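Take a look at the structure below. We will walk through it in steps, from the ligand to a pair of helices.

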Amino acid sequence: MTRLSATTIDLFPPGIARPAYDRGAIATGVVHIGIGAFHRAHQAALFDAALAAGDLRWGIIGASLRSPAVHDQMAPQDGLYSLVVRDGAAEDVRVIGAIREVQVAPRDPAALVAAMSAPGVHIVTLTVTEKGYKLDPATGALLAGDDDVAADLRDLAAPRTAPGFIVAALARRRAAGLAPFTAISCDNLPHNGSRLQAAVLAIAAQYDASLADWIAQHGAFPETMVDRIVPATRDEDIAALAARTGLEDQAMVKTEPFSQWVIEDRFAGERPDFERFGAQITRSVAPWEEAKLRLLNGAHSGIAYLGGLAGVDFVHQFVGLAEGRGFVKALWDEAAATLSPPPGLDIPAYRAALMARFANSSLQHRTRQIAMDGSQKLPQRLLAPIAARLDRGLPVEALALAVAAWMRWQGGRDDSGAIFTVDDPLAAVTAAKLAGAASPADRVAALLAIEAIFPPRLAGDAGFRATLTRHLALLGEAGSRAAIASLLSK
Ligand code: CS2
């Protein structure tokens, strides 16, 4: 079948929107690191809207830090891809033209540094997932023992990590007399901008204290809250789009109508008119971020482990079960009490909208996808609200059930006995801790001892430990659905 590209795009049926601007006339103003589906469905759509409105500064060079897969999907399509927005039976398709080039950083790291050092580049966005920041999830300290970090601390001629690339490019810009770019983290980390800045400064200081000072003074690392559910594209999605359009698009992404981007008002230089294209610029992102991480992502992680153990494949199926919905509401009741919502965020309305988003059956969002990298996600999603409640003497039954389900998940066996691979950068650590720990109490104690995940405040809390042990025991004896039913019956 014919592939989508600059020369074939006119074969798309007329109902599908496509770039109305002259792609040959756009400049590269953005370099994006970590060009997965989320970037293509979220930030790239905003920059595309800026281009469509006539501000031609915001073309994107995207880079993968690891695999050539996205390059291989996009290069034959001249960077074009379809953004497929699904809402129940309704589907809207728009072709995005903002991405001008895709690089594979390990193949040519110097090319990425050069792209980031170009005078016209004002913004570097990142979606490298939680683990890509190379920070200890519990403390936020740079993982100096990580091989890639160690390499970047020795030599930045060919950087390997996202913060390493930023340091190399900022050093080059400073030497050339250019202003720094604004580095915008778009990952679900608490205080993502400060964390990125800390990693960058730690690496820069290793080379040149005056470089670190210059970055601290002139650079900008705004905090952000990003939100859009973007499930991994599957072969059947590509086939369904091809059946509708007559062209094959290997780089398509599917998503929901909802999209939110809250950015702290802190920029080092030029930026698009973000507000005009739907982003919120604010002085304080933290309350937005906390609400999103604890309500949306916290529920997601609970759904991932409890659903995954029960053999529920998709998020919409989980919230389609009476006990699934009941669990999500119970978790939200606990988490919501720990929030200080910003003006403009109505928590009951937010919760109702979230439930409707989770119930969107056309997204086919897999519990397995969300279960990935739990060690990096638990602290901000579940452990922070747990600590806040324990500090106030409040119960944590539902939140702890989600953590206990994560603990059971580390055993690599679901409620039916089926075996799966735990996909997590700390999988070897959790497996080693669990080896030889037989009883629920021993397993809880073994996992609570992982300092990179559990802060001392939680690891040393006897009541929390007892609650986890009770939940883990019931999960093992009766399974995930029965454990939820027991929680809801109380
Ligand atoms: C999900 C998020 O996979 C996950 O961990 O919880 O990717 C979630 O879909 C997004 O944060 C929604 O904005």
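A residue counts as near a molecule if its C-beta atom, placed from the backbone, lies within 6 Å of it. Keep in mind that this is a predicted model.

Start with the ligand. The residues around it are Asn188, Asp227, Arg228, Ile229, Leu296, Asn297, His300, Gln369, Ile370 and Lys377. Two elements give two or more residues to this shell: α10 (286–309) and α14 (367–371). Of the elements, α10 gives the most, with three residues. By class, the shell around the ligand has three nonpolar, four polar and three charged residues.

Now turn to the annotated region. UniProt, in an unreviewed entry, lists residues 285–471 as "domain: Mannitol dehydrogenase C-terminal".

Next comes a pair of helices. Helix α16 covers residues 397–409, and helix α20 covers residues 462–478. Their axes come within 8 Å and cross at roughly 60 degrees. Angles from 65 to 115 degrees count as roughly perpendicular, and those under 35 as roughly parallel. The helices α16 and α20 are therefore oblique to each other. Their crossing is right-handed.

Which residues in α16 meet those in α20? From α16 come Glu397, Ala400, Leu401, Val403, Ala404, Ala405, Met407 and Arg408. From α20 come Phe464, Thr467, Leu468, His471, Leu472, Leu475 and Gly476. The residues of this contact divide into ten nonpolar, three polar and two charged.

Conventions
Residues are numbered from 1 along each chain as its sequence is written. This is a predicted model: local features need pLDDT of at least 70, side-chain atom pairs count only at pLDDT 80 or more; totals for chains, interfaces and linings use all residues. UniProt positions are given in the numbering used here, feature names are shortened, and annotations may be inferred rather than shown by experiment. Helices (H or I, at least four residues) and strands (E, at least two) are DSSP runs, numbered from the N terminus. Ala, Val, Leu, Ile, Met, Phe, Trp, Tyr, Cys and Pro count as nonpolar, Asp, Glu, Lys and Arg as charged, and the others, Gly among them, as polar. Axes are lines fitted to C-alpha atoms, for helices over the stretch in contact, and angles run from 0 to 180 degrees between N-to-C directions. Angles under 35 degrees count as roughly parallel, over 145 as roughly antiparallel, 65 to 115 as roughly perpendicular and the rest as oblique. A crossing is left-handed if the near helix is turned anticlockwise from the far one by less than a right angle, and right-handed if clockwise. Two residues are in contact if their C-beta atoms, placed from the backbone, lie within 7 Å.
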